[in-house]
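Hi,

Here's the structure I said I'd pass along. Have a look at it first, and my notes follow below.

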Amino acid sequence: MRDKYEKLSPVTIILHWSVGIGIMGLVGMGIYMTENQLYELYPVHKSLGLLLVMIALTRFIWRLINKFPTPAGQYTKIEHVLEKSVHCLLLICTLVIPLSGITMSIASGYGVSFFQMELISANLSTTNPTEIVATNHILASTAAAVHSIASYFLMILLALHILGALKHHMFDKDNTLKRMLGISSNSVNRP
């Protein structure tokens, strides 16, 4: 189950693509529903965010246990630093974005539900039971800012990550992308 130079484990590949596709979908959904004020999508967004943070946390732990894969070629020191920085920041963002969203929801008084199963109840007004009352305005606004900024920062990191994968595949002609797609190559040149 561990990653090898020639081929990454199915666990690594599944976690990578699940988190990658999931976070891109949720960031896109978040922007869409915010821009169009589609409040009915928020429960779905929050539920998928909870699911994603569980998968992202699993990926984070897997990466700590399994370490980063050995590079598929020889690169300059700056390329190594850039690659490690982008990967580490992506891992952090995939945790920070959903956790800040959960914090924002709780501090705003909306609570947390997972596909209609209430995990943390909404903070309802004692005088008007249909009114939701924030539990901590400062924490809610701070979490909202972190959630938004980290989401836009993630898009920049994803662009760098995708460009890096394409560079490896098209210009370096190494097996970086093939390994992440689960394609093993018989003619792998180890650095």
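Which side chain makes a polar contact with the side chain of Ser-105? The partner is Lys-46, at 2.9 Å. (A polar contact here is a pair of N or O atoms within 3.5 Å; within protein, one must be able to donate a hydrogen and the other to accept it, and residues adjacent in sequence count only if both atoms are side-chain atoms.)

Before the rest, some housekeeping. This is a predicted model, with local features needing pLDDT of at least 70 and side-chain atom pairs counting only at pLDDT 80 or more, while totals for chains, interfaces and linings use all residues. Residues are numbered from 1 along each chain as its sequence is written, and side-chain values use heavy atoms, with hydrogens and water left out.

Back to Ser-105, then. You'll find Ser-105 in helix α3 (helices are DSSP runs of H or I with at least four residues, strands are runs of E with at least two, and both are numbered from the N terminus). Its relative accessible area is 4%, so Ser-105 counts as buried; the cut-offs are under 20% for buried, over 50% for exposed, and partly exposed in between, with a 1.4 Å probe and protein chains only. A polar atom of the Ser-105 side chain also lies 2.5 Å from the backbone oxygen of Gly-111. Not counting residues up to four places away in sequence, Ser-105 touches Lys-46, Tyr-110 and Gly-111 (contact means heavy atoms within 4.5 Å).

Next, helix α1. This one runs over residues 10-35, 26 residues in total, and spans 37 Å from first C-alpha to last, close to the 38 Å expected (that is 1.5 Å times one less than the number of residues). Its buried residues include Ile-13, Val-19, Ile-23 and Met-33. Among the elements covering the buried residues of α1 are α2 (42-66), α3 (77-107) and α4 (137-172). After the helix comes Gln-37, with a positive phi near 50°.

Now for the packing. The largest nonpolar core has 15 residues, and those with the most contacts inside it include Ile-23, Cys-93 and Leu-157. (A nonpolar core is a set of buried Ala, Val, Leu, Ile, Met, Phe, Trp, Tyr and Cys residues joined through side-chain atoms within 4.5 Å.) Two or more residues come from each of α1, α3 and α4, and α1 gives the largest share, five residues. Another core, of seven residues, lies apart from it and includes Val-19, Leu-50, Val-53 and Ile-102.

Last, the hairpin. Strands β1 (residues 112-114) and β2 (residues 117-120) pair in the antiparallel sense over three bridges (pairing takes at least two DSSP bridges between two strands). Val-112 has Ile-120 of β2 as its bridge partner. Two residues sit between the strands, and Phe-115 in this hairpin has a positive phi near 50°. Gln-116, also in the loop between β1 and β2, has a positive phi of about 70° although it is not a glycine. Most residues other than glycine have a negative phi. Gln-116 has a relative accessible area of 81%, so it is exposed, whereas Phe-115, at 45%, counts as partly exposed.

The structure holds two aromatic pairs. In one of them, the ring centres of Phe-114 and Phe-115 are 4.9 Å apart with planes at 70°, so the pair is edge-to-face. (Rings of Phe, Tyr and Trp, using the six-membered ring for Trp, pair if their centres lie within 6.5 Å; planes under 30 degrees apart are stacked, over 60 edge-to-face, and the rest tilted.)

Cheers
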